[in-house]
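Good morning, and thank you for making time for this presentation.

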Amino acid sequence: MRLTTRRASATFAALALVATACGGGDEPENDTETEATDDGTEAADDGDAAAADFTLLSEGTLSICSDVPYEPFEFEDPDSPSGYSGFDIDLMQAIAEDLGLDGVEVRATTFDTIENGTALETEQCDVAASAMTINDEREENLDFTDSYYESLQSLLVNADSDIASLEDTEDARIGVQVSTTGQTYAEENAPESAELVEFQNTGDLFAALVSGSVDAILQDQPVNAERARTDDSVELVEEYETGESYGFAVANEREDGLLDALNEGLQTLRDDGRYDEIYDEYFAAE
């Protein structure tokens, strides 16, 4: 999709009028292709992607709702342009730049308000980018992009724990994050005698495991794996195939073309190799 702005259209139209006046009615020489815009003027098509006339909350910036921290998908990084980094953030930053925007603005939000659509409905952000699994229930409140990541669920315990599988969690306390697919998997598969303890964010989950307030954490595999990679006191003991795919999301029935632009941006990143470069930065085996 070729994207143009009304400002670019108006500017080109003004230049064309000046050129016509100076040339005594002769057609100006111009090898640049043009295309008609909605208001009847023409905009130069130089092959560069320009920012579409999206209705963004902050002009020139794509605002993102994200549950932070959730490494390696989103975390604070004072050295990055937005103050945040991670797989989600870097993908969105690249897409925003390709659209001719200045970049992204990350707005830290609780995951439950992201996945139920509240954050987008109340215009807290333009896009939800928070390692969010696409499912039927969420699609009632959100419009998702194409999938950009395939995920599993997993069980994380302290390294000296006797728990080696979900079957070993009888009478144990399992930490889960509210409104996540990890919570759903635990509800459906943990032993009946296990107690599920809900937390609002991953930071509190990890703190509870370290303090002994919970005996295990059941959540997305890449997040538990990242914790185990950087902390020898915990161990990832089991993974579960759930067929989950992550997607970015916009408000239901948004009509300004942003969803299509995000999908085309993702495809461009895959086609030119940048997706693989970003992926390898966060998930390549060391």
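Let me begin with a definition: a residue is called buried under 20% relative accessible area, exposed over 50%, and partly exposed in between, with a 1.4 Å probe and protein chains only. The areas themselves come from the Shrake-Rupley method with a 1.4 Å probe, and for residues only the protein chains shown count as cover. D162, at a relative accessible area of 76%, is therefore exposed.

Two remarks on provenance. This is a predicted model, in which local features need pLDDT of at least 70 and side-chain atom pairs count only at pLDDT 80 or more, whereas totals for chains, interfaces and linings use all residues. Residues are numbered from 1 along each chain as its sequence is written, and side-chain values use heavy atoms, with hydrogens and water left out.

Now the overall picture. The protein chain has 286 residues, of which 47% count as buried. Its accessible surface is about 14,500 Å², and carbon and sulfur atoms contribute 42% of that. The chain contains 10 helices and 14 strands; these are DSSP runs, numbered from the N terminus, with helices being H or I of at least four residues and strands being E of at least two. A contact here means heavy atoms within 4.5 Å. Among contacts in the chain with a separation of 6 or more, 71% are between residues 24 or more positions apart.

Let me return to D162. Where does D162 sit in the chain? It is in the loop between β9 (149-158) and β10 (173-177). On the surface, D162 belongs to a patch of negative charge together with D160, E167, D168, E170 and D171. Patches are made of residues with over 30% relative accessible area and no salt bridge; like charges are joined within 9 Å, and nonpolar side chains (Val, Leu, Ile, Met, Phe, Trp, Tyr) within 5 Å. Lys and Arg count as positive and Asp and Glu as negative, while His and the chain ends are not counted. Each charge is placed at NZ of Lys, CZ of Arg, CG of Asp or CD of Glu.

Next, opposite charges. Side chains of opposite charge can pair when their charged atoms come close. A salt bridge is defined as a side-chain nitrogen of Lys or Arg within 4 Å of a carboxyl oxygen of Asp or Glu. The whole structure holds 8 salt bridges. One of them joins R274 and D98, at 2.7 Å from N to O. R274 is in helix α10 (residues 274-283) and D98 in helix α2 (residues 87-98), so this pair ties together parts 176 residues apart in sequence. R274 is partly exposed at 24% relative accessibility, and D98 is partly exposed at 26%. D98, D272 and R274 are linked in a network of salt bridges.

A further pair, R229 and E226, meets at 2.8 Å, N to O. Both residues lie in helix α8, 3 residues apart, which is about one turn of the helix. R229 is partly exposed at 47%, whereas E226 is buried at 14%.

That brings us to α8 itself. Which residues of α8 are buried? They are Q221, P222, V223, N224 and E226. The buried residues of this helix pack against β9, α7 (202-211), β12 (216-220), β13 (234-246) and α10. N224 has 0% relative accessibility. Apart from neighbours within four places in sequence, N224 contacts S154, L155, L156, F206, I217, Q219 and L236. N224 and P72 are 152 residues apart in sequence, yet 9.8 Å apart in space, C-alpha to C-alpha.

Most residues other than glycine have a negative phi, and most peptide bonds are trans. A cis peptide bond joins E71 and P72, with omega about 5°, and another cis bond joins V68 and P69, with omega about 0°. P69 is in the loop between β3 (61-66) and β4 (75-76), and P72 is also found in the loop between β3 and β4.

Finally, positive phi values. A131 has phi near 45° and is buried at 4%. E253 has a phi of about 60° and is exposed at 66%.
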